[in-house]
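Here's a quick briefing to read alongside the structure. Have a look at the model first, then work through the points below.

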Amino acid sequence: MTSAETQIRALLDSRSAAMGDKDIEWVMSLYSPDIVYFDLVPPLQYAGSSALRERFSDWFGRWTGPIGQELGDLKVIAGDTVAAAWMLIRASGTLRTGQDVDYWVRVSNGFQRSGDRWFITHEHVSLPVNMQTRTAVMDLAP
């Protein structure tokens, strides 16, 4: 494993911990100011750190406690200044509605090095869709 791959894996572990703690400042420090983020929910994209901060702040507020963020099947390829990763992430916890959640999503990331740090420049989160019912399939596991 290259040094860049190790650094990307550490960044992703840090993101999971920051998401779990719902620490908006820590989370945002991992993303590029010009992030383009494709989420499960509308709109089609969140562009820029202000839009993403608003999205994450709303999402964090929907949980009563920590948000479980388990990485699975992580793959990383990295050059000197750009990198990509794809993985499965298990989200779990309890929503403010009292509903317990436990589902896996598919995530792809693009990264760019700036100085001695890597930043997430693109993130795409998705769920499989049952095309007959046009509903998300949330009960799959690796």
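**Charges and salt bridges**

The protein carries 13 positive and 17 negative side chains, and the centres of those two sets sit 3 Å apart. Keep in mind that this is a predicted model. Some of those charges pair up: the count of salt bridges comes to seven. Let's go through a few of them, then step back to the whole fold.

- The side chains of E123 and R15 form a salt bridge, with N and O 2.4 Å apart.
- E123 belongs to strand β6 (residues 117-126) and R15 to helix α1 (residues 3-21), so this pair ties together parts that are 108 residues apart in sequence.
- Are these two buried or exposed? Both E123 and R15 are buried.

- D39 pairs up with R55 in another salt bridge, and their closest N and O atoms are 2.6 Å apart.
- This pair also links distant parts of the chain, 16 residues apart: D39 is in the loop between β1 (31-38) and β2 (46-47), while R55 is in helix α3 (residues 49-60).
- D39 and R55 are buried too.
- R62 and D58 meet through their side chains in a salt bridge as well, at 3.0 Å from N to O.
- R62 has 46% relative accessibility, so it counts as partly exposed.
- D58 is also partly exposed, because its relative accessibility is 37%.
- Which residues end up in one network? Salt bridges with shared partners join D39, R55, D58 and R62.

**The overall fold**

- If you count the elements, you'll get three helices and eight strands.
- Starting at the N terminus, they come in the order α-α-β-β-α-β-β-β-β-β-β.
- The radius of gyration is 15 Å, close to the 14 Å that the globule rule gives for 142 residues, so the protein is as compact as a globular protein of that length.

- Of the 142 residues in the protein, 39% are buried.
- Take the contacts between residues at least 6 apart in sequence: 50% of them join residues at least 24 apart.

How values were computed
Residues are numbered from 1 along each chain as its sequence is written. This is a predicted model: local features need pLDDT of at least 70, side-chain atom pairs count only at pLDDT 80 or more; totals for chains, interfaces and linings use all residues. Side-chain values use heavy atoms; hydrogens and water are left out. Helices (H or I, at least four residues) and strands (E, at least two) are DSSP runs, numbered from the N terminus. The radius of gyration is taken over C-alpha atoms; the globule rule is 2.2 Å times the number of residues to the power 0.38. Buried means under 20% relative accessible area, exposed over 50%, partly exposed in between (1.4 Å probe, protein chains only). Contact means heavy atoms within 4.5 Å. Lys and Arg count as positive and Asp and Glu as negative; His and the chain ends are not counted. The place of a charge is taken as NZ of Lys, CZ of Arg, CG of Asp or CD of Glu. A salt bridge is a side-chain nitrogen of Lys or Arg within 4 Å of a carboxyl oxygen of Asp or Glu.
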